[in-house]
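Here is a walk through a protein model, going from whole-chain layout down to single residues. Keep the 3D view open while you read.

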Number of protein chains: 2
Amino acid sequence: MARRAKLTDAPAIGLDERKATILEAVVNEHIDTAQPVGSSAIAANADVAVSSATVRSEMVALEREGYLAQPHTSAGRVPTDKGYRYFVDHLEAGVLGVAQQRQLGEFFAHVRGEVEDVLEQTATLLSQLTNYTSVVVGAGHSNATILSVQLVNLDARHHLLVTVFNDGTVTKHSVLANFEASHLDVAEASRQLNALLIGTSLDLTVQVPSRTDVVARLVRESVAVLHAEAPTLEGEQVYIGGSSRVAQVFDGVETVRQVLAILEQELLVVSLVEDVLGQGVSVAIGSEHGFEPLSSCAVIVAPVTLEGESVGAVGLLGPTRMKYREVMAAAEAVSAHLTQHFGGDHGG
Amino acid sequence: MARRAKLTDAPAIGLDERKATILEAVVNEHIDTAQPVGSSAIAANADVAVSSATVRSEMVALEREGYLAQPHTSAGRVPTDKGYRYFVDHLEAGVLGVAQQRQLGEFFAHVRGEVEDVLEQTATLLSQLTNYTSVVVGAGHSNATILSVQLVNLDARHHLLVTVFNDGTVTKHSVLANFEASHLDVAEASRQLNALLIGTSLDLTVQVPSRTDVVARLVRESVAVLHAEAPTLEGEQVYIGGSSRVAQVFDGVETVRQVLAILEQELLVVSLVEDVLGQGVSVAIGSEHGFEPLSSCAVIVAPVTLEGESVGAVGLLGPTRMKYREVMAAAEAVSAHLTQHFGGDHGG
DNA sequence: GGTTAGCACTCGGTAAAATCGAGTGCTAAC
DNA sequence: GTTAGCACTCGATTTTACCGAGTGCTAACC
């Protein structure tokens, strides 16, 4: 899946300056108006110092080369995915509006709490900032090691296995025994589990005692439960902000439904985001990502890193005619803030 | 907020049998077709043994009494909220289709894992079962007491406070110290925290040590963090299933947007559900719940109980013209299954 | 008195027709 | 190479006509 444009199938150099200017103007106009844009609208643009007739002939060329399309004869032009691609690749970085910068600063200055909470709130923030639906993905902890395990008994047969990992995640698992265990048994099992599991990661198999006393059975049961769930635990967390925006920015109930349906499936969302993810802000337009149902969407993704490693991503989902400059700036800014937030001394 | 109809403002007895039959037929027809229904369609109904002319005059009466409305002269009739209310109140309980019953049984026979996971999956199930958007609310644990507290150090200054409650919930909180603490300090703090907090609930204030040694400071800090978060922790969990259905069952992008926007706000959803909640399956139609933006919706809610006490609820959200019989049956069945699931020996 | 066939009337929805105009491509002049 | 001019296209919008589902009313009927 292409992350950045490969312009190799465009004639060598790409586009001469005037064509580029015109293409850019068309894209800008179309993003603004959502309408096919005609040659005269472009000719009126200050950056384009030629008449509409000239613009028209250039448009014919741009259409031939696949950057523009005509919904029908005698209509204006609409950018193709390729057109958007060119536009995005030649977009000089935008900057966030001051109001938004303030909001962002405000948010990260005051946000408190666990990673999960921060990510969730970030999703909402990002959506408010951009007016598009946002996606925030927190990395799974596939290679996290266990810091502490504790077995707590709810009653004689129900126990709760609480596991703390070195990446700060905490999991709980019910351990249901078909025998009764005393507080002391559970405490001892807890002790043994710690001895057994601390420092290991979930993909490691551990030697469990084969004795048949209550404590040993508790230990075995606990380890079994924990490892059985291992695959699930590695899953990334997904937070979606502003899903109602979908109904705002897409037209056509059916499109809205499809997009929402995709968003419901967290696994899909994760793979979509990871697919698009690259260094810096990446964009996938239309069919560039492999998701058919989202072929009328653009996805913008920025990584969140911790000590150089990607630990998550923030993304935005909108129609292909989205406000790339602003949105990319927002994604970048939020990603940077998050990176700093987690890299800094704020714990987590 | 009315949960059940108060028919007091209708003439004493309510409706005579024929009017009731006609009203029922109108509602059924309108639910099926989403169109205003005319007198002849009703007269064709086997249950109505009178001519369309008679039906018409009855309809005039029903309209005068507020059960039906006419979108415009010379159109058919549409049920009002009051009409739906009457319909629902006089609905004999529906039964679930066998396929659905099987699916339900299947699901609860195999579902595993923590309460949270079960509830989330239940939301999806309920949505699949009914083709409407579902809401599952798990009760907050306002009066839960602490079973165990554990302070785990991530590094010298970052610690994680993991708390287990007697209702099986587990919380974690970052404790960030501005001083360094050794493993031993943390272990000792953990021990003291246990001594201090076990058996208490979060609304209780506890006496914390005023000493200034590392351990005491850790303990103080931990208790502070835990109690600071207390209000948040009491919040109910909300799981929403099939939000894409919103785009299917409502018409008008704006309505879809509004409904989605409501669903995004978990607090709103909780209060909505709790507002509607009653004994058994409750229904709020149109403006019966106080939520203006949802005045074109019906909400169906069934409680989930544990040992007689309500510990949550399952709900469904659809247009006022939803398939009440089927959906109420589904809500009831799922609620019953959940109640049994948690009441039974399956742990949680 | 309640019920029903008959009928004139209403009025939104749909289809057909007319119109508009934004936008095009082409050509000829610059 | 650029541009003004112009005939032409074709979707969108408006207009008009029309249809018919449905109504309310009345007079006949049981």
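## Domains and overall layout

Chain A splits into three pieces: domain 1 covers 7-89, domain 2 is built from 98-140 + 236-343, and domain 3 runs over 146-233. Bear in mind that this is a predicted model. If you look for domain 1 and domain 3 of chain A, their C-alpha centres sit 63 Å apart.

In terms of secondary structure, you'll find 13 helices and 10 strands in chain A. The chain has a radius of gyration of 26 Å, while the globule rule for 348 residues gives 20 Å, so chain A is more spread out than a compact globule. Draw a box around its C-alpha atoms along the principal axes and you get roughly 90 × 40 × 40 Å.

How much of chain A is buried? Of its 348 residues, 48% are. Contacts tell another part of the story: take those in chain A with a separation of 6 or more, and 60% of them join residues 24 or more positions apart.

## A buried glycine in chain B

Now hop over to chain B and find B:Gly286, which sits in the loop between β8 (282-285) and β9 (297-306). Is this glycine buried or exposed? B:Gly286 has a relative accessible area of 0%, so it is buried; the cut-off for that is under 20%.

Setting aside residues up to four places away in sequence, B:Gly286 touches B:Asp81, B:Leu294, B:Ser295, B:Cys297 and B:Thr320. B:Ala298 is 12 residues from B:Gly286 in sequence, and the two C-alpha atoms are 5.6 Å apart.

## Helix α4 of chain B

Helix α4 of chain B spans residues 81-89, and its buried residues are B:Gly83, B:Tyr84, B:Arg85, B:Tyr86, B:Phe87 and B:Val88. What do the buried residues of α4(B) pack against? Their partners in chain B are α1 (17-33), β2 (78-79), β8 and α13 (324-343).

## Two positive phi angles

Most residues other than glycine have a negative phi. With that in mind, have a look at B:Ala34, which isn't a glycine but has a positive phi near 65°. B:Ala34 belongs to the loop between α1 and α2 (39-44) of chain B. With a relative accessible area of 36%, B:Ala34 is partly exposed.

B:Asn131 is another one to check: its phi is positive, about 65°, although it is not a glycine. You'll find B:Asn131 in the loop between α6 (115-130) and β3 (133-138) of chain B. B:Asn131 comes out as partly exposed too, with a relative accessible area of 40%.

## Val259 in chain A

Back in chain A, A:Val259 is part of helix α11, residues 253-264. Its relative accessibility is 1%, so A:Val259 counts as buried. Which residues does A:Val259 contact, leaving aside neighbours within four places in sequence? They are A:Val246, A:Phe250, A:Leu294, A:Cys297 and A:Leu317. A:Gly286 is 27 residues from A:Val259 in sequence, with 13 Å between their C-alpha atoms.

A:Glu65 is in the loop between α3 (52-64) and β1 (68-69) of chain A, and a relative accessible area of 22% makes A:Glu65 partly exposed. Pair A:Glu65 with A:Ala177 and you have 112 residues of sequence separation and 69 Å from C-alpha to C-alpha.

Not counting residues up to four places away in sequence, B:Thr200 touches B:Ala144, B:Thr145, B:Ile146 and B:Val206. For B:Thr200 and B:Thr73, the sequence separation is 127 residues and the C-alpha atoms are 66 Å apart.

Conventions: Residues are numbered from 1 along each chain as its sequence is written. Chains are lettered from A and ligands numbered from 1 in the order in which they are written. This is a predicted model: local features need pLDDT of at least 70, side-chain atom pairs count only at pLDDT 80 or more; totals for chains, interfaces and linings use all residues. Side-chain values use heavy atoms; hydrogens and water are left out. Helices (H or I, at least four residues) and strands (E, at least two) are DSSP runs, numbered from the N terminus. The radius of gyration is taken over C-alpha atoms; the globule rule is 2.2 Å times the number of residues to the power 0.38. Buried means under 20% relative accessible area, exposed over 50%, partly exposed in between (1.4 Å probe, protein chains only). Contact means heavy atoms within 4.5 Å. Domain bounds come from an automatic or database domain assignment.
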